[in-house]
Each structure stands twice: as C-alpha cells, then as structure tokens.
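Please open the model in your viewer and keep the selection panel at hand. The tour below moves from one selection to the next.

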Amino acid sequence: MRIGENPTRDRLIEKSDSSHRIIIPLYIPHEKDYYKDAFKIFKLCVSSIMKTSSSIVKISVVSNGCSDSINERLLDIAKQGLIDELTIEKGAIGKVNSILKALRTAQERLITVTDADVLFVNGWEEGVLEVFNAFPKAGSVSPVPVFRTHLRLTSNIWLRNFFLRNYILEQLKTLKGLLHLQKVLGGQI
C-alpha cells in the first residue's frame, strides 16, 4: 500500500509548444530484399521533416510489427529527441490501425499523416496551411487525388456549393493530360 499523497496529483499539464503533429506508421519486418534500405529511407524522411518544417512539429512513429533491431534503432532516435512519441507494436496491426492509435492521443491542431518513404521539401507546411486558410471547411489536405472518392467523401460540399453557384468551370487544357492522369491513378480509360 502506498503511503502519503501522489506528488503529481495537483500538478497541471503544460500546454504543448507545437500545433502540428506528424504521424508515421512504420512497417519494416526485416532488412532483406524489398526492406533492405527501408530504415535509411525512414531516417531521411524524419530528417527532411526536421529541416523543412516552418513551425515546431512533433513526430509520432508507430512501429507496426517491425523487427527487434529496427525497434532498437527507433528507441535510439527517440532518445536523440527526433521522435516525440514512439509506439511499438510487436505484431502487425495494419497501417490504418497504426495511424488511429497515434491519432487518438494527438492534441495538436494540425495532423500530417505520411508514409516512411516520403521526403519533405521546403515550403510544404506553408502550402498545407495555405489550403486550409483558403478552404476553412476542408477536413484534410493531400498532395495526391484520392481516386473515385471525391463524391463519396465530399458530397455535402458539392451539393451546397452547387446551389450557391460557387463553382468556377474552366475549359479543359488537354484531353491527353487528363487521360494520362486517370491512367496513372489506376482508372479505366
């Protein structure tokens, strides 16, 4: 039985100095074949975030069934202060569940979800903020179109703006370019 009072009982939690969290689900089960350079690429991803972010960001990494050697290296990176939050799942729980695990505890106003093989460039964070400022009701910003989900996920916005006549229609620049984009995104031509 404990004696006395909990010393942290009346202590207030300090407000974070960051308003942006970056979540990286990571799956490197071994370091052979396809995964041979995966950890090096992950380190480049984290480094590019640190070098190009214009605000104080916090990074959450969810090790989703990574090997023990990868988890040890992740702990080293966390001790260096490059990773704010590290969750290690011994078994693979899937990419979506990894993201949700980190999302549930995030308190930051902005959340960026990225793969571990993405390199961030100068101005990326400002670009995200610019989109959110231009479209205050936007729920997410993505550098790639999410094919065939535009109506399912945004039908309420399309419908409202249709009746408010907020659409600007432009003439198609090139049909060839549009068809190429559709092919690249996996659509049928």
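Why does Tyr-27 count as partly exposed? In this predicted model, Tyr-27 is placed in that class because its relative accessible area is 40%, and the class lies between buried, under 20%, and exposed, over 50%.

The structure holds four aromatic pairs, and one of them, between Tyr-27 and Tyr-35, is edge-to-face, with 5.9 Å centre to centre and 85° between the planes. Another ring to display is that of Phe-39, over which the charged end of Arg-73 sits, 4.9 Å from the ring centre.

Next, select the strands. They form an open sheet of four, in the order S3-S2-S1-S4, with parallel pairing; strand S3 (85–89) and S4 are the edge strands, each pairing on one side only, and the twist from one strand to the next averages 15°. S1 and S4 are joined by four bridges, and Arg-21 has Ile-111 in S4 as its bridge partner.

H1 packs on it, touching S1 and S2, and its direction makes about 175° with that of S1, whereas helix H2 (residues 68–79) lies across S1, S2 and S3 and runs at about 165° to S3.

Finish at helix H4 (residues 124–134), whose buried residues are Trp-124, Glu-125 and Val-128. These cover an arc of only 105° around the axis, and therefore lie on the same side of H4. Their cover includes strand S1 (20–26), helix H1 (38–52), strand S2 (57–64) and strand S4 (110–113), while the face turned away from the buried side carries the exposed residues Glu-130 and Asn-133.

Note on methods: Residues numbered from 1 in each chain as written. Predicted model: local features only at pLDDT ≥ 70, side-chain atom pairs only at ≥ 80, totals over all residues. Heavy atoms only, no water. Buried < 20%, exposed > 50% of the residue type's maximum accessible area, 1.4 Å probe, protein only. Helix = DSSP H or I, 4+ residues; strand = E, 2+ residues; numbered from the N terminus. Arc of directions from axis to C-beta. Contact = heavy atoms within 4.5 Å. Phe/Tyr/Trp six-rings, centres within 6.5 Å; stacked < 30°, edge-to-face > 60°. Lys NZ or Arg CZ within 6 Å of the ring centre and 35° of its normal. Pairing = 2+ DSSP bridges. Axes fitted to C-alpha atoms, helices over the stretch in contact; angles between N-to-C directions.
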